[in-house]
Amino acid sequence: MPELTYFDIVFKPLDATDDVSSFHSTEQELDDFLREDAINNQTNRLSATFLAFWNDDLVGYFTLINDSIVAEAVHESDREPTWEYRKYPAIKIARMARHRDFDGYGIGTSMLLRIFIIVLHVSQFTGCRIITVDSKPGAAGWYQKKGFTLAQMKPREDTVPLYMDFHRFVSEEEQRVLTSLHDLKK
Ligand SMILES: CC(C)(COP(=O)(O)OP(=O)(O)OC[C@H]1O[C@@H](n2cnc3c(N)ncnc32)[C@H](O)[C@@H]1OP(=O)(O)O)[C@@H](O)C(=O)NCCC(=O)NCCS
């Protein structure tokens, strides 16, 4: 089975001409959302959905919405000392699913990278410091492996609230690149 990279996947915003009927993840609710609600929500500017294709196969999708997270839900070390407001601006991964036949291809990781690039772009126009997700319990470990942290709030019955301090993540990545460049000069 091929380990795909970000560059193997083509991402496109969902539109009314897309046939999403062939999409089956491991979660019926996520399939139903894509088939029944995603385009309507998008038309009404309630959410934005992106499809992921490998060759001509629809291998995954994700849906984003604006969000905010109360400061107390964010760990002390992630808080910005100069920020005096009650909440941090955020973007939420409202839905994300990979086709059930494409387990082990790295598609979720590529979708997350695409989300990071979108958030980086959006953050040039409006504040969005944090990425939030209310994960299905089965995917919480996956998000944690990718750098998300459990939010300091009461877990709901069926989802696990997680967040990533995206600004910190980007700053650390920038520092890593700068250090590598510095080492090259030695
Ligand atoms: C979550 C999801 C999108 C991840 O996509 P994916 O294509 O399986 O992810 P990737 O192939 O990029 O990542 C696989 C890696 O994560 C690891 N992994 C998978 N599930 C994991 C879990 N629950 N906990 C820890 N690690 C996990 C795999 O072992 C693999 O590790 P490796 O790269 O070291 O081999 C996908 O599993 C999915 O659609 N799940 C069902 C729907 C869902 O729960 N969505 C999230 C709700 S918002």
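1. Phenylalanine 169 touches Gly147 and Met164, leaving aside residues up to four places away in sequence; contact is taken as C-beta atoms, placed from the backbone, lying within 7 Å. Phenylalanine 169 sits in helix H4. Helices (H or I, at least four residues) and strands (E, at least two) are DSSP runs, numbered from the N terminus. With 16 C-beta neighbours inside 10 Å, phenylalanine 169 counts as partly exposed. On that scale a residue is buried if 20 or more other C-beta atoms lie within 10 Å of its own, exposed if 12 or fewer, and partly exposed in between, with C-beta atoms placed from the backbone. The C-alpha atom of phenylalanine 169 is separated by 10.0 Å from that of phenylalanine 116, 53 residues apart along the chain.

2. On provenance: this is a predicted model, in which local features need pLDDT of at least 70 and side-chain atom pairs count only at pLDDT 80 or more, while totals for chains, interfaces and linings use all residues. Residues are numbered from 1 along each chain as its sequence is written.

3. The sheet is open and has seven strands in the order E1-E2-E3-E4-E5-E7-E6, with mixed pairing. Strand E1 (10–13) and strand E6 (149–150) are at the edges and have a single partner strand each, so one side of each is left without a neighbour in the sheet. Two strands pair if DSSP finds at least two bridges between them. E6 and strand E7 (residues 160–165) pair in the antiparallel sense over two bridges. Leucine 150 has leucine 162 in E7 as its bridge partner.

4. Helix H4 (residues 166–184) packs on the sheet, where it touches strand E5 (130–135) and E7. The direction of H4 makes about 40 degrees with that of E7; axes are lines fitted to C-alpha atoms, for helices over the stretch in contact, and angles run from 0 to 180 degrees between N-to-C directions. The number of buried residues among the 19 of H4 is one, so the helix lies largely in the open. Its end C-alpha atoms are 27 Å apart, in agreement with the 27 Å that 19 residues should span at 1.5 Å a residue. The expected span is 1.5 Å times one less than the number of residues.

5. Helix H2 (107–122) has 16 residues and reaches 23 Å from its first C-alpha to its last, close to the 22 Å expected. Its buried residues are Ile107, Gly108, Ser110, Met111, Leu112, Ile115 and Val119. What covers them includes strand E2 (48–54), strand E3 (57–70), E4, E5, H3 and H4.

6. Which residues come nearest to the ligand? Of the 23 around it, they are Gly108, Thr109, Lys136, Ala139 and Gly141; a residue is near if its C-beta atom, placed from the backbone, lies within 6 Å. Strand E4 (87–98), H2, E5 and helix H3 (140–145) each supply at least two residues of the shell. E4 gives the largest share, five residues. By class the shell has eight nonpolar, nine polar and six charged residues. Ala, Val, Leu, Ile, Met, Phe, Trp, Tyr, Cys and Pro count as nonpolar, Asp, Glu, Lys and Arg as charged, and the others, Gly among them, as polar.

7. Most residues other than glycine have a negative phi. Arginine 45, in the loop between helix H1 (28–43) and E2, has phi near 55 degrees, a positive value. Asparagine 55, in the loop between E2 and E3, has a positive phi of about 55 degrees. Arginine 45 is exposed, with 8 other C-beta atoms within 10 Å; asparagine 55 is exposed, with 8 other C-beta atoms within 10 Å.

Terms used. Two residues are in contact if their C-beta atoms, placed from the backbone, lie within 7 Å.
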